[in-house]
Amino acid sequence: MENITVSLTQAVRIMSHRLAIDSGRSFLLEGPPGVAKTALVFQLMEKLGRVLTAVKLASKSPEMLGGYPMHSDDLLKFSKPDWIPTEPGQALFIDEVGQCPIAVQNVIMSAADERKIGEFHLPDDTIVIMAANRASDRAGSVALTTAFRSRFDCVLEIAPEKNEWLDHATANNFHPMVIAAVKSIFDKVLDFDPKIKGGFLTLRTLEQASVAMYDYAGDADNPDLKVCLYSCLGQEHASRLIGFAQTVKSLPEYDDIITTPMAVEVNVAMAEPIGKIIASNIRYAHVVKAVRYIRRYPAEQAAAMLTALPE
């Protein structure tokens, strides 16, 4: 089956639509580590009001899929694994399918179309979703066979969009400096290179960077914060974030601009963000002094800053 690359929003929309037509659909989600495949599934099931059972398949052996041994009437029987849904209207999410042995894949792939795992049957309307990293990501995954992939109603490769992340980050109170950096200096929110052993840019590592920024009060000069950012984002992206934070820190305060407009330093390289600071804080009583400061910039930049001021 052909991989179709979609955003997180589009994936939720496609899956919701197809499940509304037939609640017993199956989906395979692929993508590099940290693109929120698992979060997408939980979000979708919450939206649909479905009871979700989630299991990481990498922790299961082929023998464990056959159930757990138990004695009954002096006979050895096998009980159904507790992670296999038994009631109608439920959903089963199987993660890390690319990191489990082929023998395990061969057992669980029948869940996608036959609603069956080994000798155990799922209710016909069970939603089955599996997720895997791509073999090319070097995340311990093996390439899924054509036979495995062909069992699913839909195979989607997830590639998050920048605007999606910004909405998510704002709604979840990510550190404002991380949000501002993504808006200003990062062209994308997924820059995963499997050849690099260190950190990289994904939704997960941006969240880790946000937590680190809060832990160290956003102090970009703190060496311990730099270590944390390097570990999750990698050298290139961490350096850009730190440089951006240091530059923002150096911007003049609005109160200084309107108090001593001729003394505050003119920063031609940062004219645009300084103009935004003035425009978002300006009051009628401050206009004369703000304009006095703005006119110290080159004519083209000054014109742009003046145009941004509210009427």
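## Exercises on a predicted model

The chain averages a pLDDT of 87, and 91% of the residues score at least 70, where pLDDT is the predictor's confidence in each residue, from 0 to 100. This is a predicted model, in which local features need pLDDT of at least 70 and side-chain atom pairs count only at pLDDT 80 or more, while totals for chains, interfaces and linings use all residues. Residues are numbered from 1 along each chain as its sequence is written, and side-chain values use heavy atoms, with hydrogens and water left out.

**Exercise 1.** Find which elements of the chain have the lowest and the highest mean pLDDT.

*Solution.* Begin with the elements themselves: helices (H or I, at least four residues) and strands (E, at least two) are DSSP runs, numbered from the N terminus. The lowest mean pLDDT, 59, belongs to strand S4 (residues 68–72), and the highest, 95, to helix H8 (residues 203–215). Where pLDDT is low, the predicted coordinates should not be read in detail.

**Exercise 2.** Describe the surroundings of Ala290.

*Solution.* First place the residue: Ala290 lies in helix H12 (residues 287–294) and is buried, with a relative accessible area of 0%. Next look for contacts, meaning heavy atoms within 4.5 Å; not counting residues up to four places away in sequence, Ala290 touches Ile258, Ile278 and Ile282.

**Exercise 3.** Identify the residues that touch the most other members of the largest nonpolar core.

*Solution.* A nonpolar core is a set of buried Ala, Val, Leu, Ile, Met, Phe, Trp, Tyr and Cys residues joined through side-chain atoms within 4.5 Å. The largest such core has 52 residues, of which Leu29, Ile129, Ile158, Trp165 and Leu229 touch the most other members. Its largest share, 9 residues, comes from H9, a helix spanning residues 223–250. A second, separate core of 25 residues includes Val97, Cys100, Ala112 and Ile117.

Definitions and conventions
Buried means under 20% relative accessible area, exposed over 50%, partly exposed in between (1.4 Å probe, protein chains only).
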